[in-house]
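Take a moment with the model below.

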Amino acid sequence: MNSSMNNKPLRVFLWVVPRTNSTVFTKCMSFVDNTEVWMEPFMACYMNETFYNPEWGVEIPQMVKLRAFMEEIKKKEEFLALKEKEIEKTMQYTNVWLQDKIRYPWLKQQLELHPKDKQFVFIKDQSSAINDHLEYLPDVPTRHTFLIRHPQEMYPSLKNMSVNNIDFAKLSWDEFHIGDDAPHFPMKELFQTHCKLWKYVKKNLDPEAIIIDGFDLTSKPDVVLPKYFQKLGIPYKDSYLHWESDPEIVYSSWKGSSEFVITASKTTATSRAVESTCFDPPKKPRGTSNPAWKMTEDLKECIAYSMPYYEEMYANRLT
């Protein structure tokens, strides 16, 4: 078994760009024996430094507009009900912390702790959240995985999530510009950042870093997962291909901020994955998206910019 010295649990990072089937992958890993799961804790840190930092982006008109929109959302009864439930579950479970507590130095310390009776610590996170904060990676034995998905699939899905993520806060498809209207998150550069981190990790941290394509994962999980587990030294079971639906399993076991573990799991972005029981096979060929999602100029720009980085990583994926 590929475990660390003195029986200390091995940290396994799953670095992602959005809409790559990463949350369903994380749900699957929740049922792997002796595994602790973290849900985007570095992204929680990143959000506290940018989106939730009132001094960040004050000179960016789109950020001022976005914050004003969010202030209106916070007044809605539906939002208040979500936050009330979030606080209630945070008080109930010890695996979650309120969003404002999750900071880079604190998180590094947490990820260096050795949880009892665990052989693996699985951390799903966004490349964009750690790329400029590499000094906060834990100083313990780690393996690294990179999840990718064809930009022609990913970006329309990301735009759909951005405008429809919350029922009471929908946006206009044509008016929302995916590259400009969320300036705290580098939408256009997501694959560039992902590829940059992959190359850094291969050179400095894990020469055997693994790349998995989300289409491969969902179309043939019975092939991809055993190979993945073998490379990590995790004993594999066929039973890992199916799991329980109950989202309470997520709330009570995933570690991270209350906003990411509890409230986000009730949104369009992750609710299906949190309630999943298996990997659903793709409904369309690789590189194609829902024809109902209009291909706007902002999408075309992001896709074209991302393709060289995606193709380089795809050529090195686990097959």
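What follows is a short walk through some of the salt bridges.

This is a predicted model, in which local features need pLDDT of at least 70 and side-chain atom pairs count only at pLDDT 80 or more, while totals for chains, interfaces and linings use all residues. Residues are numbered from 1 along each chain as its sequence is written, and side-chain values use heavy atoms, with hydrogens and water left out.

Side chains of opposite charge can pair when their charged atoms come close. A salt bridge here is a side-chain nitrogen of Lys or Arg within 4 Å of a carboxyl oxygen of Asp or Glu. The count by this rule is 20 salt bridges.

Start with Glu259 and Lys83. Their closest N and O atoms are 3.7 Å apart, which makes a salt bridge. This pair links distant parts of the chain. Glu259 sits in helix H12 (residues 258–263) and Lys83 in helix H4 (residues 77–92), 176 residues apart. Helices (H or I, at least four residues) are DSSP runs, numbered from the N terminus. Glu86 joins in too: Lys83, Glu86 and Glu259 form a network of salt bridges.

How buried are the partners? Buried means under 20% relative accessible area, exposed over 50%, and partly exposed in between (1.4 Å probe, protein chains only). Glu259 has 17% relative accessibility, so Glu259 counts as buried. Lys83 has 23%, so Lys83 counts as partly exposed.

Now turn to Lys188 and Glu301. Their side chains meet in a salt bridge at 3.0 Å, N to O. Lys188 lies in the loop between helix H7 (151–164) and helix H8 (190–204), and Glu301 in helix H14 (residues 297–314). The two are 113 residues apart. Lys188 is partly exposed at 23% relative accessibility, and Glu301 is partly exposed at 38%.
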